[in-house]
Structure formats: C-alpha cells, structure tokens
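Subject: Handing over the structure

Hello,

I am passing this structure on to you, and I hope you enjoy looking through it. Please open it first and keep it beside you while you read.

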Amino acid sequence: MSLPEKKTETRGTKKQKIRYVRKHEDLYEVLQKIKLWPSRTGVLHGIKSITRKGAYIEFVTHCGNKLQIKNSKTSRVSRWLRNKWHVRACPRCKVPAWKLEKFSSTSFH
Ligand SMILES: [Zn+2]
C-alpha cells in the first residue's frame, strides 16, 4: 500500500512556455495564431473570426469591428505585432490576461 500523495499547490509555478512564430510568416498565419490585432491608435483587439480574401485578410474583432487589411508581411500590423507595440488592450474585446501574457512571451525569429 502506498501512502496518499500530498497535494501540492502548483498554481504560480507553471513554466512559461514561449511560443515561436516565424518572423517572415504570412500576416494571415500570424494573426490566426495570435488572435490579436493592434489598431492604429495602439489598442490591442481580440480577433473573433478571420478569413483570407485573396490578397486581403478580413476579420471581425470581439468588439464588433469588421476590418479588411492587406495580407502583407511588411505592413504596419506585421511590424507592430513583431515588436509587440500596443498601448492598451481593448476593454470591449475583453482580451484575457493569459492571452496578453502569451503574446508578450511570443518570440518572433
Ligand atoms: Zn476591441
């Protein structure tokens, strides 16, 4: 008979996993992975659904914005995502903290 294992608190000791995203990956692929979109004003929105429309990407944010952007690796959005530039998260999108944490630990290489 084995002794019952002592329950240990594991919360807070979880290892932070680093997510790797290829630097020159398609913007569409990056957005699909990250599900976050930084607006021109620096607000980070959560992406609800995303579709590829030829050379464009069409997506809907959780706060109800429907946008169409060019699928370009050299666009502002690509650059901002790689550099993780944003001022704040959109309160209406209710981006969960874990998602923001995951985003900040994403490595573009
Ligand atoms: Zn939003």
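Predicted model: local features only at pLDDT ≥ 70, side-chain atom pairs only at ≥ 80, totals over all residues.

Residues are numbered from 1 along each chain as its sequence is written.

**The overall picture**

The chain holds 3 helices and 7 strands. Here helices (H or I, at least four residues) and strands (E, at least two) are DSSP runs, numbered from the N terminus. Read from the N terminus on, the order of elements is β-α-β-β-β-β-α-β-α-β. Of the 109 residues, 18% count as buried. A residue is buried if 20 or more other C-beta atoms lie within 10 Å of its own, exposed if 12 or fewer, and partly exposed in between, with C-beta atoms placed from the backbone. Among contacts with a separation of 6 or more, 55% are between residues 24 or more positions apart. Two residues are in contact if their C-beta atoms, placed from the backbone, lie within 7 Å.

**The strands**

Two strands are said to pair if DSSP finds at least two bridges between them.

The hairpin of strand 3 and strand 4 has 2 residues between the strands, with Gly54 in the turn at a positive phi of about 65°. Strand 6 (residues 88-89), in contrast, runs parallel to strand 3, with 2 bridges joining them, and Arg88 is the bridge partner of Val43.

From strand 4 you can move on to strand 5 (residues 66-70), which runs antiparallel to strand 4 and is joined to it by 5 bridges.

Which residues of strand 4 make up its covered face? They are Ile57, Phe59 and Thr61, while Tyr56, Glu58 and Val60 make up the uncovered one. In a regular strand the side chains alternate between the two faces of the sheet.

The largest nonpolar core has 14 residues, and Leu31, Trp37 and Val95 have the most contacts inside it. Such a core is a set of buried Ala, Val, Leu, Ile, Met, Phe, Trp, Tyr and Cys residues joined through C-beta atoms within 7 Å. Helix 1 (27-34), strand 2, strand 3, strand 4 and helix 2 (76-83) each give two or more residues to this core. Leaving aside neighbours within four places in sequence, Val95 is in contact with Leu36, Leu44, Gly46, Ala89, Cys90 and Leu100.

Helix 1 and helix 2 pack at an angle of about 45°, with their axes 10 Å apart. The contact is made by Leu27, Val30 and Ile34 of helix 1 and Val77, Ser78 and Leu81 of helix 2. Axes are lines fitted to C-alpha atoms, for helices over the stretch in contact, and angles run from 0 to 180 degrees between N-to-C directions.

**Two lysines to look at**

Most residues other than glycine have a negative phi. Lys84, in the loop between helix 2 and strand 6, has a positive phi near 55°. Lys84 counts as partly exposed because it has 15 C-beta neighbours inside 10 Å. Lys94 has a positive phi near 50° and lies in the loop between strand 6 and helix 3 (97-104). With 11 C-beta neighbours inside 10 Å, Lys94 counts as exposed.

Happy exploring!
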